[in-house]
Structure formats: C-alpha cells, structure tokens
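Please load the model in your viewer and keep the selection panel at hand.

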Amino acid sequence: MLGSMRYAVKTPLPNGLDELLTHARPAEGAPPNILRVLHAIHDVCGYIDPRFIPAIAQSQGVTEADVAGVLSYYPSLNTQPSGRHRIQVCLGESCLANRCDRVVAAIQSQLGIELGQTTSDSRFTLEPVACVGNCAVSPSVRIDGELHGRVRPSDVAGFLDRYR
Amino acid sequence: MSGVRLYLSNDTSSCAAGAERLAEAWRQRSDVELVRTSSRGAFYLEPMVERDSPEGRLAWCHVTAEDLPKILAGDGGIPISTIPFLSKQTRHTFVSFGVTEPLSLEAYQAQGGLAGLRNARQGSPSAIIQEIKTSRLRGRGGAAFPVWKKWDVAATAQADRKYVVANADEGDAGTYCDRMIMEGDPFRLIEGMLICAMAIGAGAGYIYCRQEYPAATACLRAAIRAAGKAGWLESDGQPFTIEVVSGAGSYVCGEETALLESLEGKRGVVRARPPHPAQSGLYGRPTIVSNVLTFATIPNILARGGAWHASLGTEGSCGTIALQLGGRVKQPGLIEIPFGLTLREVLDQFGQGMADGARLKAVQVGGPLGSLFTDAQLDIPICFDAFAQADAILGHGGIVVFDDQTDMLELSRHLMAFVADESCGKCVPCRIGSLRAREILDAIQRGQATEADLSLLTELGDTMKATSLCGLGGRAPYPVLSALEHFPVEFRSRLRS
Ligand SMILES: Cc1cc2nc3c(=O)[nH]c(=O)nc-3n(C[C@H](O)[C@H](O)[C@H](O)COP(=O)(O)O)c2cc1C
Ligand code: FES
C-alpha cells in the first residue's frame with residue numbers, strides 16, 4: 001500500500017495515463033502483459049518516458065526491471081520524443097538493390113542530420129526501417145502515415161516541403 | 001450512382017505507387033463510381049485502373065489523374081487476360097486479388113469463401129487433419145514443416161485451453177504476400193484459422209502482426225468485427241475469439257517461440273525446444289503457430305480436397321508457391337505458381353529480365369538469411385528439396401535481384417550487421433558470432449584485415465551454423481559465405497597484404 005503511494009508521488013503521470021494504467025491492470029488471475037501497456041502509452045504519448053517505469057510495473061504487478069527489460073528490447077519503442085514528422089527510410093534488401101542509399105543521402109543533406117537524429121527545429125526525425133512490405137515499388141520512404149514508393153533522390157526536396 | 005464503375009486497388013503498395021492520388025482526384029466526380037479492390041500483384045503496372053467490359057476486365061496501367069477522359073471513353077484499355085505476367089500464373093490462394101473488395105463478406109462467399117469451413121464442420125477434427133495430411137501441405141513461413149503433424153500433436157494434447165496463432169511478422173525484407181493477404185483477402189486468413197481451431201479444439205486465436213503494417217492491422221480488425229457480426233466466429237458451437245496484436249520492430253519475433261514470448265508481453269527471446277509450441281506454446285498451452293499464407297492456403301484444401309492440392313507442384317513440394325519478386329528486375333510483383341519452375345524461368349518469364357541498363361550480379365532468395373545465387377546457378381528448381389540440397393532456403397518466397405553496381409562486401413556487412421542488431425542474445429554463437437563477423441567485415445572494408453581474418457570468418461560461420469539456438473544465428477553465415485565464395489576478389493583485394 002505504502003509502495004503504491006510512493007509511486008504515485010514519484011511519477012507524475014500526464015493526463016489520462018493513470019486511468020490507462022488502471023485499465024491495463026490484469027484481471028484477477030490473468031497474466032500481466034508489459035508490451036501491451038507500453039504500446040498503449042506509446043500510442044498516446046509518441047514515446048515512453050522512462051520515469052513511467054515504476055507506475056507501469058505497479059499496474060502489471062511486475063518488477064521495474066521487467067518493464068525496463070521489455071522497453072529496451074524492442075526497437076520501435078522510443079524513450080524520447082521524436083520530431084513532429086517521422087521519416088522512415090527502408091534499408092531492406094529490395095530497397096538497397098534499388099539504391100535507397102542515394103535517397104538516404106539526399107534526405108540527410110537536405111535536413112543536415114544522420115539516421116537516428118532529429119532536426120534542431122524538431123520538425124523531422126529520420127529513422128531507418130527494415131522493409132515495409134513495399135518492395136515491389138521500392139525504394140520506400142514513409143513520412144508519418146504516408147508511404148511513398150519508387151522514390152528518387154530528386155523527389156526528396158518536394159516531399160519534405162509538404163511537411164511543416 | 002450512375003457513374004462508370006472503375007476498380008482501383010487499395011493495397012499499400014498500389015497506394016504508394018500512386019493509386020491513392022487517383023482516388024483523391026476522382027472521389028468527388030459524379031461520372032465515376034470508384035470501387036477499391038485488392039491488388040492483382042502486378043505492381044510494375046501500378047497504379048492500374050480497371051473497368052468491366054464484355055471481354056472481362058480491361059486495365060489501364062501507370063495511370064495519372066489526367067488519363068480519366070480516356071478511361072471513361074474506353075480508349076486504350078487492355079484485357080487483363082492478355083497480360084502474360086498474370087495469365088501465366090496459377091492463382092488459387094490469390095484468385096480474388098484485384099477482383100474483390102477486401103471487406104465484403106458477400107464477395108468473399110461469391111468467390112467460394114466458407115466452402116472449406118462448411119466441409120470442415122461436416123467432418124470430425126481427425127477428418128480435417130487427415131485432409132491436410134493428404135494435401136501434403138508444408139508450412140510457408142520458412143521451415144516447411146508438414147502442417148498436419150503439428151495439428152495432430154496439438155489435437156491429441158490434453159489441456160484446459162489451446163490457441164491458434166497466425167505469424168504475421170513477415171520480417172524478411174523482400175516479402176509482402178502476407179501483407180497482401182491481410183489487406184486484400186482477410187477472410188481467407190480468418191477461415192483458415194477457424195478450420196485449424198476446429199481441428200485442434202482451440203477457443204482463441206491471435207494474429208501477431210508487425211507494426212510496419214498499419215493498413216493490414218486496421219483491415220484485419222475490421223474483418224474480424226465483420227466476421228463476428230455475421231456469426232462466423234465459432235468453433236464446435238463455442239465462440240472463437242481472434243485478436244490482432246502488434247509487434248514492435250523486432251525481426252527475431254518472427255521466430256515462433258520468440259513470437260510467443262512477445263505475445264505474452266515479454267522480451268521476444270527465443271525459447272529452447274523441445275517442447276514445441278504444438279505441445280506447450282502460449283502460456284504453456286498447446287498452440288499452433290503458422291504463417292499467414294499457410295492459414296490462407298487451408299480453405300481451398302478443405303473445399304477442393306487434399307488430393308487436389310497434392311496434385312499440384314512437385315513430389316516433395318505440393319501446391320503453389322507465392323513468390324515475391326523485387327530488386328532490379330523489370331517486372332517486380334507477386335507470382336503464384338505451382339512449385340517446379342527454375343529460378344531462371346521465373347526471372348525471365350515473370351521478371352522479364354533486368355531493369356533498363358542493369359546487369360544481373362546476384363539473386364538472394366529467402367530473405368536476409370537466404371543464400372546468394374549467381375547467374376550460373378539460376379537453373380535450380382523452385383522446391384524445398386532442391387534448395388535444401390543447395391544449402392539454400394526458399395524461406396517465405398522473397399526474391400531480390402541485385403545488379404552489377406552492388407558491392408558484395410558492403411551487402412555482406414549490411415546483412416551481418418542486421419543479424420547482430422536483431423540477435424535476441426539468448427545464445428552465444430549468434431550474439432557474439434554475428435558481432436565478431438560484422439567486425440571482421442568492417443575491418444576488411446577499412447583495409448585492415450588479413451587472410452587470417454577471412455579464415456576466422458569462415459570458422460565463425462561454421463560454429464554459428466552448427467550451434468545457434470534458432471535459424472537467425474544458424475542461417476546468418478550463409479549469404480555472407482556464399483558472397484565470399486562467388487565473389488572472392490571483392491573481399492581479398494581489400495585485405496592488408
Ligand atoms: C529469425 C527467424 C525469423 C522468422 N520470421 C518469420 C516470419 O516473419 N514469419 C513467419 O511466418 N515465420 C517466421 N519464421 C519461422 C517461424 O519460426 C515458424 O517456423 C513459422 O511461423 C511456422 O509457420 P509455418 O509452419 O506456417 O511455416 C522465422 C524464423 C526465424 C528463425
Ligand atoms: S525492402 Fe524496402 S520495402 Fe521491402
């Protein structure tokens with residue numbers, strides 16, 4: 001009981017998250033599911049603040065180490081906020097064969113950042129991804145929800161202009 | 001609506017190629033009735049627009065919004081039946097692709113959907129399993145294990161609960177047929193899972209879908225709701241629930257035991273086997289984990305009989321294979337054909353050779369863990385046995401063609417770095433071996449490696465093959481060692497003398 005109060009004080013949860021965690025509590029006798037909760041938080045916040053770990057652990061009845069272990073294991077769970085727009089460039093083999101390296105280079109020089117970085121104005125985050133199943137019209141670039149196929153380096157400037 | 005009915009694919013790749021832009025441009029027009037279908041899989045022709053005619057559907061290819069008057073006038077369309085890429089295929093699992101609306105229950109049934117399930121309901125669980133045994137169907141996720149054997153183990157196991165899990169992780173770069181099924185014909189997957197549930201006595205199913213497939217996830221959820229409303233989701237008089245669960249970007253979570261760990265919400269780490277999932281899987285209960293395409297193949301088998309399926313293909317590889325062609329070929333796309341054509345025949349007849357100006361250097365079959373083939377090796381028949389004999393894999397049917405501008409050392413380093421990143425860390429050969437192998441390849445690129453490092457690379461590869469816990473470490477050395485074997489100069493010329 002004392003533990004739960006301490007966590008509640010130690011972890012200021014943004015609006016709605018405490019409710020989410022209450023809902024995510026496993027039913028009597030049901031197993032916990034850490035990844036499911038992490039997904040739910042990620043969907044709401046766009047990333048998972050590691051300071052939430054104790055509250056997540058408590059909601060699932062597991063240790064903080066368990067939560068941290070799952071959080072660090074999965075590549076797509078971010079622990080930091082990303083830019084307003086997420087650019088994912090596919091580095092899968094079909095895209096490689098179709099010269100995605102040139103597309104990556106064009107984006108990098110346009111934005112002045114490397115893969116894995118965010119622009120200083122927080123407008124774009126550039127991430128690699130391994131195949132989005134768009135291999136037949138590769139190279140593939142996904143910006144937020146929108147997937148672009150057969151992307152040429154010369155297309156890049158035009159694409160980026162559309163995202164403010 | 002009185003407009004001309006035009007069919008336009010809603011598939012992710014069709015949209016990425018421009019179909020969505022057409023839909024936006026034409027949506028408001030009163031002279032057009034737009035029907036969003038699945039894709040034929042002839043992606044090199046997308047965006048493609050079709051309309052009805054007395055000779056069947058006519059197609060307009062590489063369409064731009066300005067082509068609309070031409071299409072409405074009926075000018076220049078070609079009959080679908082005259083497109084060799086499509087007419088040379090034998091479509092069974094992908095028969096409705098490009099024809100139907102993915103979420104229409106009526107269209108699914110009009111195309112023969114649910115016939116398999118009805119037949120299954122008339123027989124006993126053991127009769128279903130016998131039919132699958134007769135069909136000689138082998139799993140399509142990579143390991144090519146006989147499907148009936150797994151089902152038989154799970155059916156005879158005693159347990160309070162059993163599960164059916166569709167492996168929709170489709171992690172191999174160069175593959176997209178599971179995505180097409182989930183987006184384009186989701187009821188076929190659901191029907192296959194239902195038949196499996198009846199055969200083994202399962203009450204719940206999960207579809208573990210990779211996060212990179214948001215459209216597939218949404219489509220599946222809508223299809224499950226629709227199937228539930230229509231009263232389809234029951235097995236043996238009991239409700240059968242299906243839930244879609246998202247992955248989180250981990251390749252090794254496609255391995256069936258890592259997938260189960262991930263479904264339980266844990267780190268996706270590979271489990272030691274035995275026990276196999278069919279004996280002890282999700283939450284320790286008997287579980288069938290099968291690939292999406294495997295489940296989607298089941299309805300036809302129950303509808304048309306196991307013997308029908310066994311009559312297609314080759315002796316050891318029955319039925320059809322869904323090949324997914326990508327890379328530097330002229331005509332990339334989905335190809336469903338009976339097993340048995342050679343790799344060269346597929347590349348020539350369907351791929352129509354290399355993209356303009358490109359020359360073939362190597363072909364990778366079976367994803368990032370698949371072996372590389374040179375031009376001289378392309379006469380290998382596409383079937384499980386011939387590939388096993390060649391120390392290669394068909395995997396999930398991905399074929400990626402590389403041209404002569406490809407740096408094989410860089411490709412090898414890329415593939416090994418991928419494995420090093422994705423290793424779950426449970427076994428030492430994979431975790432350490434892949435990292436050391438990547439380091440050696442890095443050193444060769446920097447001009448700092450010696451002949452001794454090349455020997456070490458081969459030795460590491462042999463250890464990984466022999467002692468890794470799962471196929472990730474076990475297969476990782478193959479593409480690299482096959483590159484070294486076929487293109488030795490590209491490695492050796494960069495050694496320190
Ligand atoms: C590293 C690794 C990744 C795998 N990825 C997938 C995958 O993405 N999809 C899949 O169906 N099978 C994958 N498999 C194979 C599965 O372990 C398993 O054999 C398969 O899901 C069984 O289904 P099937 O009998 O229908 O082939 C993978 C295996 C390994 C070793
Ligand atoms: S390899 Fe890039 S989409 Fe498949």
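This is a predicted model: local features need pLDDT of at least 70, side-chain atom pairs count only at pLDDT 80 or more; totals for chains, interfaces and linings use all residues.

Select Lys150(B) together with ligand 1: an N or O atom in the side chain of Lys150(B) is 3.0 Å from an oxygen atom of the ligand, a polar contact being a pair of N or O atoms within 3.5 Å, where within protein one must be able to donate a hydrogen and the other to accept it, and residues adjacent in sequence count only if both atoms are side-chain atoms.

Residues are numbered from 1 along each chain as its sequence is written, chains are lettered from A and ligands numbered from 1 in the order written, and side-chain values use heavy atoms, without hydrogens or water.

Next, show the shell around ligand 1, to which strand S11 (287-291) of chain B gives the largest share, 3 residues; helices (H or I, at least four residues) and strands (E, at least two) are DSSP runs numbered from the N terminus.

Now colour the two chains: 56 residues of chain B are in contact with 38 of chain A, contact meaning heavy atoms within 4.5 Å. Finally, select Glu243(B) and Arg36(A), which form a salt bridge with closest N and O atoms 2.8 Å apart (a side-chain nitrogen of Lys or Arg within 4 Å of a carboxyl oxygen of Asp or Glu); the interface has 2 salt bridges by this rule.
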